[in-house]
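Subject: Structure handover

Hi,

Here is the structure I said I would pass on.

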Amino acid sequence: APKSVKHAKKWLQDQVTLANQLLLKKANEKLNYRGMGTTLVAAVTLPKGVIVVANIGDSRGYILHDRQLNQVTVDHSLVNELVKNGDMTEQQARRSPQKNIITRAIGVSPDAEVEVNAFVLQAGDQLLLCSDGLSKLVEHDTLTAVLLDPTLTVTAKCERLVALANNAGGLDNITVRVGWQMSTLLMTKS
């Protein structure tokens, strides 16, 4: 397992490169696999609450800190590029017919450019990793409310989020992972 931020970043980049090579190989072996690809968000936890998050495409990572849910990954999508350039508002992006067009993915080209960043989780923080099957169908405030619900276990939070996405139409694959930082001491000792 990676022992430092630098090692974790390199390890995640290497894993994405390997996955990309494997998908490209499979696509070359069978005609019906041509053009297949996937997005990814992944995290590696290190001592002292440090977490390294990698993403490619529009699968997302969020950190809930001090009751505020913040997206810590950048969507590699056409509409996000338009929003960053000021050509489209975030509200327009959510309704755009182009919202599913991604600009980076695994398995599409030999160059799978992954974005990797490190963060420090404080006691009580929660990490949410999800595919766009959740983030595009469930409102930000609803995601926050589920994560803040003290009556739900981590498993129940994941199940609730998947159910909410399915109830909103369930138009895409829905993948959800929730983790949290109980205390700095606990993370350091693990």
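The chain has a mean pLDDT of 88, and 95% of its residues reach 70 or more. The stretch to watch is residues 182-190, where the pLDDT is below 50. Beyond near neighbours in sequence, that stretch makes 10 contacts in the model. Where pLDDT is low, the predicted coordinates should not be read in detail.

**Helix 1**

Start with helix 1, which covers residues 5-29 and has 25 residues. From its first C-alpha to its last, helix 1 reaches 36 Å, close to the 36 Å expected at 1.5 Å a residue. Its buried residues are A8, L12, V16, N20 and A27. Strand 1 (40-45), strand 2 (50-56) and strand 5 (115-120) are among the elements that cover them.

K6 also lies in helix 1, but K6 counts as exposed, because its relative accessibility is 72%. If you click on K6, look for A118 too: the two are 112 residues apart in sequence, yet 9.4 Å apart in space, C-alpha to C-alpha.

**Helices 5 and 6**

Next, go to helix 5 (residues 140-148), where L143, T144, V146 and L147 are buried. Looking down the axis of helix 5, you will see these buried residues fall within an arc of 165°, so they line one face of the helix. They pack against quite a list of partners: strand 3 (60-65), strand 4 (68-71), strand 6 (126-130), helix 4 (132-135), helix 6 (154-167) and strand 7 (176-180).

K157, C158, L161 and A165 are the buried residues of helix 6. Seen down the axis of helix 6, they fall within an arc of 100°, so they too line one face of the helix. Turn to the other side of helix 6 and you find T155, E159 and N167 exposed. The cover over the buried residues of helix 6 includes strand 6, helix 4, helix 5 and strand 7. After helix 6 comes G169, with a positive phi near 130°.

**The cores**

Which residues have the most contacts inside the largest nonpolar core? They are L128, L134, L143, L161, V176 and V178, in a core of 16 residues. Strand 3, strand 6, helix 5, helix 6 and strand 7 each give two or more residues to this core. Apart from it lies another core, with 13 residues, including A54, I56, I106 and V114.

Leaving aside neighbours within four places in sequence, V178 is in contact with Q126, L127, L128, L147, V154, C158 and L161.

**Cysteines**

How many disulfides does a search of the whole structure find? The count is 0. C130 is in no disulfide, and its nearest cysteine sulfur is that of C158, 10 Å away. As a disulfide is a covalent bond between the sulfur atoms of two cysteines, that gap settles the matter for C158 as well: its closest cysteine sulfur, in C130, is 10 Å off, which is too far for a bond.

Last, have a look at the loop between strand 3 and strand 4, which holds D66 and R67. Most residues other than glycine have a negative phi. D66, though, has a positive phi near 55° without being a glycine, and R67 has a positive phi of about 70° without being a glycine.

Cheers

Key:
Residues are numbered from 1 along each chain as its sequence is written. This is a predicted model: local features need pLDDT of at least 70, side-chain atom pairs count only at pLDDT 80 or more; totals for chains, interfaces and linings use all residues. Side-chain values use heavy atoms; hydrogens and water are left out. Buried means under 20% relative accessible area, exposed over 50%, partly exposed in between (1.4 Å probe, protein chains only). Helices (H or I, at least four residues) and strands (E, at least two) are DSSP runs, numbered from the N terminus. The arc is that of the directions from the helix axis to the C-beta atoms. Contact means heavy atoms within 4.5 Å. The expected span of a helix is 1.5 Å times one less than its number of residues. A nonpolar core is a set of buried Ala, Val, Leu, Ile, Met, Phe, Trp, Tyr and Cys residues joined through side-chain atoms within 4.5 Å. pLDDT is the predictor's confidence in each residue, from 0 to 100. A disulfide is a pair of cysteine sulfur atoms within 2.5 Å.
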